[in-house]
Amino acid sequence: MTVHYVLTEDAIPEGGRAVVEIDGREIGIYRVNGEYHAILNYCPHQGAPICAGPVSGTTLPSEVYSYEYGREGEVVRCPWHGWEFDLRTGESLFSERIRVKKYKVEVHEGKIGIVMRR
């Protein structure tokens, strides 16, 4: 495993994101509730640059005829077809079998590092 330090913590404000390139891969780094999450900038549906999509929340399980909105800032939506993914886990919100590639993030001495296999 190799850690690639790409940004400083102050480069991404709360609720913000940045896209970096590591070994020819575009990786989106998001700051959600004080934690950093990194995903490959590639939607598994048809290859859209998913990091160009909006970050929002989603509807939560609720009573009949009631719509409860939550998880603000934790969900990225594909800009091409609207597929939604949890930024914390990479899992899609509609199928347990579909996900975006997620990378471990390490913060050391104020620098954000992406952990990648060689």
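## A first look at this predicted model

Serine 56 sits in strand β5, which spans residues 55–60; strands here are DSSP runs (E, at least two residues), numbered from the N terminus. With 11% relative accessibility, serine 56 counts as buried, a word that stands for under 20% relative accessible area (1.4 Å probe, protein chains only). Leaving out residues up to four places away in sequence, serine 56 touches Tyr69, Arg71, Glu72, Gly73, Glu74, Val75 and Arg77; contact means heavy atoms within 4.5 Å.

This is a predicted model, where local features need pLDDT of at least 70 and side-chain atom pairs count only at pLDDT 80 or more, while totals for chains, interfaces and linings use all residues. Residues are numbered from 1 along each chain as its sequence is written, and side-chain values use heavy atoms, with hydrogens and water left out.

Now to the sheet. Six strands make an open, antiparallel sheet in the order β1-β9-β8-β4-β3-β2; two strands pair if DSSP finds at least two bridges between them. β1 (2–8) and β2 are the edge strands, each pairing on one side only. Between β1 and β9 there are six bridges, and threonine 2 has methionine 116 of β9 as its bridge partner.

Next come the nonpolar cores, sets of buried Ala, Val, Leu, Ile, Met, Phe, Trp, Tyr and Cys residues joined through side-chain atoms within 4.5 Å. The largest has 14 residues, and Ile27, Ile29, Ala38, Tyr103 and Ile114 have the most contacts inside it.

Key:
Buried means under 20% relative accessible area, exposed over 50%, partly exposed in between (1.4 Å probe, protein chains only). Helices (H or I, at least four residues) and strands (E, at least two) are DSSP runs, numbered from the N terminus.
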